[in-house]
Structures are given as C-alpha cells and as structure tokens.
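Biologist: I'd like to learn how to read a ligand site and a domain contact. Can you walk me through it?

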Amino acid sequence: MGATRTEGLARLHAFLPHAGRDYAARRNHDHGPQVRGNVSGLSPWIRHRLVTEPEVAAAVLARHAPSACAKFVQEVCWRTYWKGWLEQHPDAWTRYCAGVDAQAARLHREAALADRYSQAVEGRTGLACFDAWAAELVATGYLHNHARMWMASIWIFTLKLPWELGADWFLRHLADGDPASNTLSWRWVGGLQTRGKHYLARAENIAEYTGGRFDPRGDLDEKAPPLPPDAPVDSRPLRSPSSPLPGVRSGLLTTLDDLHPESAFAAMPGIEWVAAAVAPESGTGSPWPAGPVALAFRAAALADAGWRWGAATGLAVDAGGALDPDTEVAPSGNRAPADTVAAVVDWARARDLRQVVAPHACVGPTRPLLDALGPALAAHGIVLVQWQRRWDAAAWPHASRGFFHFRDRIGQLTADCAAMNLSA
Ligand SMILES: Cc1cc2nc3c(=O)[nH]c(=O)nc-3n(C[C@H](O)[C@H](O)[C@H](O)COP(=O)(O)OP(=O)(O)OC[C@H]3O[C@@H](n4cnc5c(N)ncnc54)[C@H](O)[C@@H]3O)c2cc1C
C-alpha cells in the first residue's frame, strides 16, 4: 500500500468510473481480499487527508450525475459526519479510552475472558468467517465495511466480548484507523449510539453478501438484545477555528489528522513560513502496540507529507531527531506525551518562531498533544494556531444530531465545495 498522495490520487482516478450506480448496486458485497473492485479502498488516504473529502466528492461529481453518485458521496460524508459528531461529543472518546483501560485490566484478572479475547484476535474462534476476517485485518490493515459490521456484531453479541476491546483491536490494525468512524461505528453496532437500535449479524446475510464464501448458519446469536444503554454523552460547542497571522515567523506542524498541508496552507497569503516539522505518531490510545501495517502506513504517510511540503515551500522539513516520526510514543489515550511537547517547543524556540500552525486536531490521540502544546508554547511567547478546513467548518455544525439530518445538507455542502473551493 503506497502511503503517498500520488498513490491515493491514482486510486481515486482508477475508481471514478465505478463510483456511480455500479457502486450503489455492488458496494455491500465482500467477495474477499482479491476481489475488491466494488469499493474504492480509499479510506487510509482519506482518513489521513492525503486525499481530502471535498476533492473526492468533486472528482466523483465531475464524472457522474449527482443522482448516480449520491450513494458514494454520502458514504464519503459519513466520515465527516462522525468526525463532526465526536467533535461535539468528545466524552464518547474519553469514555471509550477509559473503557479500554478497564477491560484490559479485566483481562489480567479473568483468565477465561483473556482466553476468549486471545482466540478472537488470533482468529481461533472456530467461526470460519470471523477467523478469516481476523487474519485479513492483521495481514492487510483493511476490512470491507460489511465485514466490519458483521465482525463487530459477532464480537459483541455472539462472542460476548467487551465492545471497547474490539474497537481497540480494529483501531490498532486498520490502516484507516479513525477515532471517530471506529468508535462511533462500534457504538452504533452495539446499540449505544442510536439508543436501543443495534446491528445483529445474520448468517443468511453473510452467506448472501460473501457469495457463499461463508455460511455460519446456526452459529450466531441472532436474537441478542442491544447492550445496556450508557449514560447520555454530553454535547459541547464546536471549538472556534483560528487563523494564522501574516508577517510573523511561522512554523508548520503537520499531524496525522491532515497530511495535505499544501491545500490547507500553501495558498494563505502573507504567512512567513520559516520552518516545518512532522509530529510523530501519537499512538491509538491503547495499552497495546499498533499493528505493523497501520504503523508502516502512517510512518510513510507522514514522510510523504513532509517531502511534499518541503517541495512546495523549499523548506527543510524537520522529521528527524527529536521529532522523529518513527519514535514510538508511549500509549497516550487522552494524555499528551510530554517528550513530544518538549521537543516541539525546543524546535519552535530554536527557529525563533512566533507562531506554530497546525491543522485542527480532531478528538482522538492527536488532540492531547496540541492541547498541551498551546500553553507550553505560550510560556515562550509563541502562539499555537489550529486551523480548520472550510469543509469541516461548513459541515460539522450540522453533525450534532442523527445522520439523516446531516444527509439533507450534503447537496448544499458539495455545491458550496464547488463554489467556494472548500478543498482549502
Ligand atoms: C465497526 C466499524 C468500524 C469502522 N472503523 C473505521 C475506521 O477506523 N476508519 C475508517 O476510515 N472507517 C471505519 N469504518 C467505516 C467503513 O467501514 C470504512 O470507511 C470503509 O469500509 C472503507 O473502505 P473503502 O474505502 O473501500 O470504502 P468505500 O465504500 O469505497 O467508501 C468511500 C469512502 O467513504 C468513506 N466511508 C465509507 N463508509 C463509511 C462509513 N461507514 N463510515 C465512515 N466513512 C465511510 C470512507 O472514507 C471511504 O474510503 C468502520 C465501520 C464499522 C462498521
């Protein structure tokens, strides 16, 4: 998997002819890792914004009539929706991280639970479909959407394992591992996100949509009730975006949340860019290490962003030494890795920066780093600016309720995208 923008764009353009009615008709089929032509496989690139949602939507709309590609555009917007929802309900992430820690502690105390957990993550449950998907996840860092839904459902309702441990396992291994899409999809499958409405995997449905590769008839609990509801998640106002000041010595800090700084920042008039750095891998908030495919993708994607920004601005991008993207940072959850904060402050001071500009850190592992960085830089008279893309600023306010409310806004969002160049 080439974790570069060039590769992401090539995949997007190769998929464009299939993103219309073909996609709507065939997207739910999972015929196995060798037969993936019915879906785009773009999620690792979109997740890290090597390729952005508005440019994907614009490319698809330029190729197909809006009615023909509505399903594909809608799917792309699910990510925007989940992100916007989590931005306004950050406690869902905090609670999930605490849940992972609590359930991990149970694994130390309860041998039977630990055995069942090991069987699941090692693909030794005896359920052929589950075991095959487990092997695929670890080997490829990818699963088809339907397989994710079936697996999460089997994990929760048939294997009776804690949902947080399943979500953690996905997040660590998926090359597209996304705190919002992953956490909220698992909550949705369990019946926590849409209260009392859960997703039950049915053997007949698996047999149909895998083309008979799997047929777990009689093996699944198809009658389990939803998980008991958790306390309502408080909502918070969206953070106000800020803009970089022109004419002051500025450094760009790129993070895994947005690896296309050219479209975000290069066109900003008057910014005096004098330095750039790539923030290191900030972990997944897990007590366990990330999977090798996901780690390799993220490291290569960070390097690609650094290289592109260097080429666009002529700056040397600091990615070695103290800000080495290969440095494994201690599991962070909602805690900021102190050594990274100190390294960024040293970097900014050494280059006599007056502002550090970073893409908005979404709720997830990157946010605690930037939350800690703001005051740490301010102590040295340096301002941290978190800049938000216009696409996010336009979409997120509509993501406070259910998806169907948000879906009604997609037409306007994509029209605005064309009119206002929301790719910035
Ligand atoms: C339990 C569970 C966990 C998930 N965890 C993640 C995750 O960590 N990261 C992640 O990116 N997606 C996650 N998804 C969403 C979805 O499964 C993947 O985005 C999708 O399968 C990616 O494959 P694709 O690029 O071939 O999708 P396509 O079908 O080609 O869709 C095009 C694009 O639309 C977006 N998209 C499609 N479906 C969804 C969806 N349901 N939610 C959000 N965005 C979507 C993706 O950016 C995708 O690349 C999860 C879904 C479930 C049910």
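Modeller: We'll go through the ligand and its shell, then turn to the domains. Keep in mind that this is a predicted model.

Biologist: Let's start with the ligand. How many residues surround the ligand, and which are the closest?

Modeller: A residue joins the list if one of its heavy atoms lies within 4 Å of the molecule. Here 28 residues surround the ligand, and the closest are Tyr23, Ser40, Gly41, Tyr142 and Asn145.

Biologist: What about polar contacts? Which atoms should I look at?

Modeller: Look for pairs of N or O atoms within 3.5 Å. Gly41 brings a backbone N or O atom to 2.7 Å from an oxygen atom of the ligand. With Tyr142, a polar side-chain atom lies 2.7 Å from a ligand oxygen. Then there's Asp178, where a polar backbone atom is 3.0 Å from an oxygen atom of the ligand. As for cover, on its own the ligand has 820 Å² of accessible area, and the protein covers 97% of that.

Biologist: Which helices each supply at least two residues of the shell?

Modeller: Those are H3 (43-47), H5 (70-88), H9 (145-158) and H11 (179-190). H5 gives the largest share, six residues.

Biologist: How do the shell residues divide into nonpolar, polar and charged?

Modeller: You'll find 15 nonpolar, eight polar and five charged residues in the shell. By domain, at least three shell residues come from domain 1 (5-88 + 394-420), and at least three from domain 2 (94-209).

Biologist: Which domains does the assignment give for the protein?

Modeller: Besides domain 1 and domain 2, the assignment gives domain 3 (249-388). The C-alpha centres of domain 1 and domain 3 are 26 Å apart. Their contact takes 13 residues from domain 1 and 17 residues from domain 3.

Note on methods
Residues are numbered from 1 along each chain as its sequence is written. This is a predicted model: local features need pLDDT of at least 70, side-chain atom pairs count only at pLDDT 80 or more; totals for chains, interfaces and linings use all residues. Side-chain values use heavy atoms; hydrogens and water are left out. A polar contact is a pair of N or O atoms within 3.5 Å; within protein, one must be able to donate a hydrogen and the other to accept it, and residues adjacent in sequence count only if both atoms are side-chain atoms. Accessible areas come from the Shrake-Rupley method with a 1.4 Å probe; for residues, only the protein chains shown count as cover. Helices (H or I, at least four residues) and strands (E, at least two) are DSSP runs, numbered from the N terminus. Ala, Val, Leu, Ile, Met, Phe, Trp, Tyr, Cys and Pro count as nonpolar, Asp, Glu, Lys and Arg as charged, and the others, Gly among them, as polar. Domain bounds come from an automatic or database domain assignment. Contact means heavy atoms within 4.5 Å.
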